[in-house]
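Hello,

Here is the structure I promised to pass on to you. Have a look at it first, and then read my notes below.

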Amino acid sequence: MNGGTEIDATDRAILRVVQANAALSAGAVGRAVGLSQPAAWRRMRRLRDAGILRGRELSLDLDKLGFGVTVFLGIKLAAKGRVGLDDFERAVSAIPEVRQVEHVLGRYDYRLRVTARDLADFERVLRRRIMALPGMGEIESNVMLSEERLPGPL
Amino acid sequence: MLDDLDRRLLRHWQAAPEMAAAELGALLELPAARVARRIEKLREAGIVRGVRGVIDWVALGYSVEVSLRFQLEKSVPGAFDAFLAAARDVPEVTQIQTFLGRVDVRLVAIARDLAHWQTLYRDRILALPHISEIEALMHVATVKTDQNLPI
């Protein structure tokens, strides 16, 4: 795991193209980076086999789908040791509006991404589901205004 | 705006984004051409922005991921824009979110190891303009990641 798989500048160019548009054919990816279709296909397969190209995700406009509110929560557990982390993780993962849960080190123990229809819907999820979780301590909510994904170090 | 078919299509597609129109058509028991036209309409309406390729940074040797939370000097005119523009220029930054709340901006940054993180943090992150407060949460594990919306 340490060091990772070696990739060259052409692989990086392929990753940049596929990251932005994973629906492109090997031929189209090849044209974008100056490779033949078979050469691009072989490299893409190698990147997939190495686990570097892990999969795809749909980029959806949440607003247009009726999910107008995304909130990031920082959660500090109150009684560590008494309530197991496993119990908390199981319970929080079962909430459908909680779309991402990360265990973190620092001021908070967990970071949650919550998607709701509107602020009233978010308040319902917060009060009825999240604040009722076992071991819940401090919560901080920040309402997301904008989000950008960047290509990263390619 | 969305009808029942759009919703069924999106539910299946978001669960398996590698599927093409033909495979989605088989699931929905519809001709592939009809599904392809629907997908095109969803793209034109801006509901589907695209299909992103997901890169596993750990497999590329980036084992450290940090969530950086900033409060900015909001009294300075243009502080947000200057900060965001500078943050976009740091290659190791993979996500930027802005917020209403105690936190103004969050960045996700990745590094090869803790030594690389230390250099990145000192030379690039702390050099970003108009930082009033900064807090770091180090990623330990992803417990849940669910791209599927209850559409």
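Eight strands, drawn from both chains, close into a barrel with antiparallel pairing, in the order S2(A)-S4(A)-S3(A)-S5(B)-S2(B)-S4(B)-S3(B)-S5(A). From one strand to the next, the twist averages 35°. Helix H5 of chain B (residues 114–125) packs on the sheet, where it touches strand S2 (64–72) and strand S4 (105–111) of chain B. The direction of that helix makes about 140° with that of S4(B). Please keep in mind throughout that this is a predicted model.

As a reminder, strands of a sheet pair through backbone hydrogen bonds, either parallel or antiparallel. One pairing to look at within chain A is that of strand S2 (residues 69–77) with strand S5 (residues 136–149): seven bridges join them, and they run antiparallel. If you want to find this pairing on screen, A:Val71 stands opposite A:Val143 in S5(A).

**Where the chains meet**

How many residues does each chain bring to the contact? Chain A gives 56 residues and chain B gives 54 residues. On the side of chain A that touches chain B, at least two residues each come from helix H1 (9–20), strand S1 (53–60), helix H4 (85–93), strand S3 (98–105), strand S4 (110–116) and S5. Which of these elements gives the most? That is S5(A), with ten residues. By type, the residues on this side of chain A divide into 24 nonpolar, 18 polar and 14 charged.

S1(A) and strand S1 of chain B (residues 48–55) run antiparallel and are joined by seven bridges. In this pair, A:Leu60 stands opposite B:Val48 in S1(B).

**Each chain in turn**

Chain A has five helices and five strands, and from the N terminus on its elements run α-α-α-β-β-α-β-β-α-β. Its radius of gyration is 20 Å, whereas a compact globule of 154 residues would have one near 15 Å. Along the principal axes, the C-alpha trace of chain A spans about 55 × 40 × 20 Å. Of the 154 residues in chain A, 31% count as buried. If you take the contacts in chain A between residues at least 6 apart in sequence, 61% of them join residues at least 24 apart.

Chain A is divided into domain 1 (9–49) and domain 2 (69–143). The C-alpha centres of these two domains of chain A lie 39 Å apart.

Chain B also comes to five helices and five strands, and its pattern along the sequence reads α-α-α-β-β-α-β-β-α-β. With a radius of gyration of 20 Å, well over the 15 Å that the globule rule gives for 151 residues, chain B is more spread out than a compact globule. The C-alpha atoms of chain B fill a box of roughly 55 × 35 × 25 Å along the principal axes. Buried residues make up 30% of the 151 residues of chain B. Among chain B contacts between residues at least 6 apart in sequence, 61% join residues at least 24 apart.

The division of chain B is into domain 1 (4–44) and domain 2 (64–138). Taken over C-alpha atoms, the centres of these two domains of chain B are separated by 38 Å.

Is A:Val29 buried or exposed? A:Val29 counts as buried, because it has 22 C-beta neighbours inside 10 Å, and 20 or more are needed for that label. Leaving aside neighbours within four places in sequence, A:Val29 is in contact with A:Ile14, A:Val17, A:Val18, A:Leu24, A:Ala40 and A:Met44. How far is A:Val29 from A:Met144? The two are 115 residues apart along the chain, and 34 Å separates their C-alpha atoms.

Best wishes

Key:
Residues are numbered from 1 along each chain as its sequence is written. Chains are lettered from A and ligands numbered from 1 in the order in which they are written. This is a predicted model: local features need pLDDT of at least 70, side-chain atom pairs count only at pLDDT 80 or more; totals for chains, interfaces and linings use all residues. A residue is buried if 20 or more other C-beta atoms lie within 10 Å of its own, exposed if 12 or fewer, and partly exposed in between; C-beta atoms are placed from the backbone. Two residues are in contact if their C-beta atoms, placed from the backbone, lie within 7 Å. Domain bounds come from an automatic or database domain assignment. Two strands pair if DSSP finds at least two bridges between them. Helices (H or I, at least four residues) and strands (E, at least two) are DSSP runs, numbered from the N terminus. Axes are lines fitted to C-alpha atoms, for helices over the stretch in contact, and angles run from 0 to 180 degrees between N-to-C directions. Ala, Val, Leu, Ile, Met, Phe, Trp, Tyr, Cys and Pro count as nonpolar, Asp, Glu, Lys and Arg as charged, and the others, Gly among them, as polar. The radius of gyration is taken over C-alpha atoms; the globule rule is 2.2 Å times the number of residues to the power 0.38.
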